[in-house]
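Let us walk through this model step by step.

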Amino acid sequence: MREALQSTLGLFFGLLSTTALAWAQAGDRSIWTPPRDISVDGGQLDDLFVLTTILTTVLFVGMVAILLVASFRDKATVGKKAEYDRGDTKKDAVLLLAAATVIFVAVDGTLMVKSHTAINDVFWKYPDTEPDVLRVEVLAQQWAWNFRYAGADGKFNTPDDIVTLNDFRVPAGKKVACQITSKDVLHSFFLVPCRVKKDANPGQITRQWFQTREGTEGEYQVTCAEICGFAHYKMQARFVVMEPKAYAAWEKEAAKWSQIQYDAERQDQHWGWDWRGEIKN
Ligand SMILES: [Cu+2]
């Protein structure tokens, strides 16, 4: 009894302090809802979370109700013995199987169909070779993000590339295709406000794409979602969504700076690669 009380109290205070911590860190945003989604398609993912929460809540409430009804209806009272049922008759087995099948098909089936539709119709329809797409190469390293834009010639790993460190800029409303790799260990390119995440693996090029909505200009964050060493928590880059005109101006300026920093001799500067048309992953 005492142990049960102790662990219940422990759990309660644990939950309380975690909630308080989350609240303190959340600033002016709600801790009950995910961070703002600024992408065209990210809502599909949020919808899946909401649907999962609704379906599991309905199931939870239903099961608790059945337990409560059974406990009160069949309990022992004065002059009546508690009813005890082993649940091993053929009828029980059929009922159990039927309920499990209905739940599996209705809940898991719905989620599976919905997620496959989202993946096939949107998230795996990479626009890498479409003409009006901003292409960016991403190089992850312990503990920073390098970004490379093709520059005026449209080709990567050439002297006119725009290269930035921890500064990822995109024009609002435009499709952005990223090809991603890592210099050292496994990292994961996570754009929470666009609901996309892809592993950055050394020796392999992976890809990801997203499109921000118009009017979502602002400063957000790129984070690393793969424990990658002791400064993993610090592996963040600025993710700046800009008004297209402002972006064009930045692009010009950044091109100048990249030009100044360009050094043909420095091998480590030329980490880019030819843009891949077809990647299977
Ligand atoms: Cu990392």
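A residue counts as buried when its relative accessible area is under 20%. By that rule, both Cys224 and Cys228 are buried. Keep in mind that the model is predicted.

The copper ion is coordinated by Cys224 (SG) and Cys228 (SG), together with His187 (ND1) and Met235 (SD), at 2.1 to 2.6 Å. Along the chain, the donors are spaced as H-x36-C-x3-C-x6-M. What arrangement do the four donor atoms make around the copper ion? It is tetrahedral, because the angles they subtend run from 89 to 125 degrees, and four donors count as tetrahedral if all angles lie between 85 and 135 degrees. For four tetrahedral donors, the ideal angle is 109.5 degrees.

Now step back to the whole chain. The chain holds four helices and ten strands. Their order along the sequence is α-α-α-β-β-β-β-β-β-β-β-β-β-α. The radius of gyration is 26 Å, whereas a compact globule of 281 residues would have one near 19 Å. The C-alpha trace spans about 95 × 40 × 35 Å along its principal axes. Of the 281 residues, 33% count as buried. The chain exposes about 18100 Å², and carbon and sulfur atoms supply 63% of that area. Among contacts with a separation of 6 or more, 66% come from residues 24 or more positions apart.

Strand 2 is largely enclosed by the rest of the structure, because six of its six residues are buried. Ala144, Asn146 and Arg148 point one way from the strand. Trp145, Phe147 and Tyr149 point the other way. Which strands pair with strand 2? Strand 1 (residues 134-141) runs antiparallel to strand 2 and is joined to it by six bridges.

Strand 8, residues 206-211, is mostly covered, with six of its six residues buried. Thr206, Gln208 and Phe210 point one way from strand 8, while Arg207, Trp209 and Gln211 point the other way. Strand 8 pairs with strand 5 (residues 175-182) in the antiparallel sense, over six bridges. Within this pairing, Trp209 is the bridge partner of Ala177.

Two single residues complete the tour. Ala172 lies in the loop between strand 4 (167-171) and strand 5. Is Ala172 buried or exposed? Ala172 is buried, because its relative accessible area is 6%. Leaving out residues up to four places away in sequence, Ala172 touches several residues, including Thr212, Arg213, Val241 and Pro244. Trp124 is 48 residues from Ala172 along the chain, and their C-alpha atoms are separated by 21 Å.

Ser258 sits in helix 4, residues 244-261. Ser258 counts as buried because its relative accessibility is 8%. With residues up to four places away in sequence not counted, Ser258 touches Asp161, Ile162 and Val163.

Notes. Residues numbered from 1 in each chain as written. Predicted model: local features only at pLDDT ≥ 70, side-chain atom pairs only at ≥ 80, totals over all residues. Heavy atoms only, no water. Buried < 20%, exposed > 50% of the residue type's maximum accessible area, 1.4 Å probe, protein only. Helix = DSSP H or I, 4+ residues; strand = E, 2+ residues; numbered from the N terminus. Pairing = 2+ DSSP bridges. Donors = N, O, S within 2.8 Å, 3.2 Å for Na, K, Ca; no water. Tetrahedral: all angles 85-135°; square planar, octahedral: opposite > 155°, others 65-115°. Rg over C-alpha atoms; globule rule 2.2 N^0.38 Å. Contact = heavy atoms within 4.5 Å. Areas by Shrake-Rupley, 256 points an atom, 1.4 Å probe, with all protein chains shown as cover.
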